[in-house]
Amino acid sequence: MSPPLVVFDLDGTLVDTAPDLVASLNHVVTQAGIQPVTYADLTHLVGHGARAMIERAFALRGRALGEEDLASQMKAFVEFYHGSMPGESLPYPGLVEALDRLQDAGLKLAVCTNKPEMLAKRLLDGLGLVDRFAAIAGGDTFSMRKPHAEHLLSTVANAGASAERAVMVGDSLNDILVARNAAVPSIAVPFGYSDVPIERLSPDRIIQHFDELTPELVKTMLERRK
Ligand SMILES: O=C(O)COP(=O)(O)O
Ligand SMILES: [Mg+2]
């Protein structure tokens, strides 16, 4: 039997990327003469990939971007964000200890994020976490992304695991939906960037802190789905 696999979302789940996302977004929007975005705006902006984030940030201030403008703003954003990584972004409290615990018990780990793969890998590398994961799939790794089941199922396959032995941990709607679409149990964390209280998304389990993420919890959730 293949070892259990714990698949994590990135922004708002593994890492608090808010300070650098806000700074990088504001680097592009202020250059375009638009009012800066705030931390409070992030719950509406993050979770659907970098392109959608930029489009939404401009739309917040009533500015629609054509394809060409969007592409050049995206390029400026990626350059700035990539160049400043890992910046002030930090893993959430207890995360590293939780990863240790899971790995020590023989569980495998993976990342399924809508962030572009190159940015996800660079960020995790900057934080010394990249080698922890058997697979890291971004929003542009496959032709489908969260909430499409294929994003999670292909991440699981790339990690050499089986969907029957996987759980998904995330902070917002697309994470809970992708898990449901792929028939994988979901664990939600309340400290990320969801625009609605996560209870409303009906995850299979909510943990308040990574201290609660144990091999036993994962195994219990996998048992229950049989
Ligand atoms: O919107 C993004 O860029 C990524 O968000 P995610 O890591 O929460 O999927
Ligand atoms: Mg997230």
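At what angle do the axes of helix 1 and helix 4 cross, and within what distance do they come? In this predicted model, the two axes cross at roughly 140 degrees and come within 9 Å. Helix 4 spans residues 67-84, and helix 1 spans residues 18-31. The pair is therefore oblique. Angles over 145 degrees would count as roughly antiparallel. Helix 1 passes helix 4 in a right-handed crossing. On the helix 1 side, the contact uses Asp20, Ser24, Leu25, His27 and Val28. Helix 4 answers with Gln73, Ala76, Phe77, Phe80, Tyr81 and Ser84. By class, this contact has six nonpolar residues, four polar residues and one charged residue.

Helix 1 also packs on helix 3, which covers residues 50-60. Here the angle is about 50 degrees, and the axes lie 11 Å apart. Helix 1 and helix 3 are therefore oblique to each other. Their crossing is right-handed. Helix 1 contributes Leu25, Val28 and Val29. Helix 3 contributes Met53, Ile54, Ala57 and Phe58. The contact of helix 1 with helix 3 has seven nonpolar residues, with no polar and no charged ones. Leu25 and Val28 of helix 1 take part in the contact with helix 3 and in the contact with helix 4.

A further pairing joins helix 3 to helix 4. Their axes are 10 Å apart, at an angle of about 110 degrees. Helix 3 and helix 4 are therefore roughly perpendicular to each other, as the range for that term runs from 65 to 115 degrees. Helix 3 passes helix 4 in a right-handed crossing. From helix 3 come Ala50, Arg51, Ile54 and Glu55. From helix 4 come Leu70, Gln73, Met74, Phe77 and Val78. This contact counts six nonpolar residues, one polar residue and two charged residues.

How is the protein chain divided into domains? The domain assignment gives domain 1 as 5-16 + 90-224 and domain 2 as 18-84. The C-alpha centres of the two domains lie 24 Å apart. Their contact takes 15 residues from domain 1 and twelve residues from domain 2. The side of domain 1 that touches domain 2 has three nonpolar, six polar and six charged residues.

The shell holds 13 residues. Leu10, Asp11, Thr113, Asn114 and Lys115 come nearest to ligand 1. By class, the shell has four nonpolar, six polar and three charged residues.

Local backbone features complete the description. Most residues other than glycine have a negative phi, and most peptide bonds are trans. Which peptide bonds are cis here? A cis bond joins Met85 and Pro86, with omega of about 0 degrees. Pro86 sits in the loop between helix 4 and strand 3, the latter at 90-91. The bond from Lys146 to Pro147 is also cis. Its omega is near 15 degrees. Pro147 lies in the loop between strand 5 (135-137) and helix 7 (149-158). Ala183 has a positive phi, near 55 degrees, although the residue is not glycine. Ala183 is found in the loop between helix 8 (173-181) and strand 7 (186-188).

Notes
Residues numbered from 1 in each chain as written. Chains lettered and ligands numbered in written order. Predicted model: local features only at pLDDT ≥ 70, side-chain atom pairs only at ≥ 80, totals over all residues. Axes fitted to C-alpha atoms, helices over the stretch in contact; angles between N-to-C directions. Helix = DSSP H or I, 4+ residues; strand = E, 2+ residues; numbered from the N terminus. Parallel < 35°, antiparallel > 145°, perpendicular 65-115°, else oblique. Left-handed = near helix turned anticlockwise from the far one by under 90°. Contact = placed C-beta atoms within 7 Å. Nonpolar A, V, L, I, M, F, W, Y, C, P; charged D, E, K, R; others polar. Near = placed C-beta within 6 Å. Domains from an automatic or database assignment.
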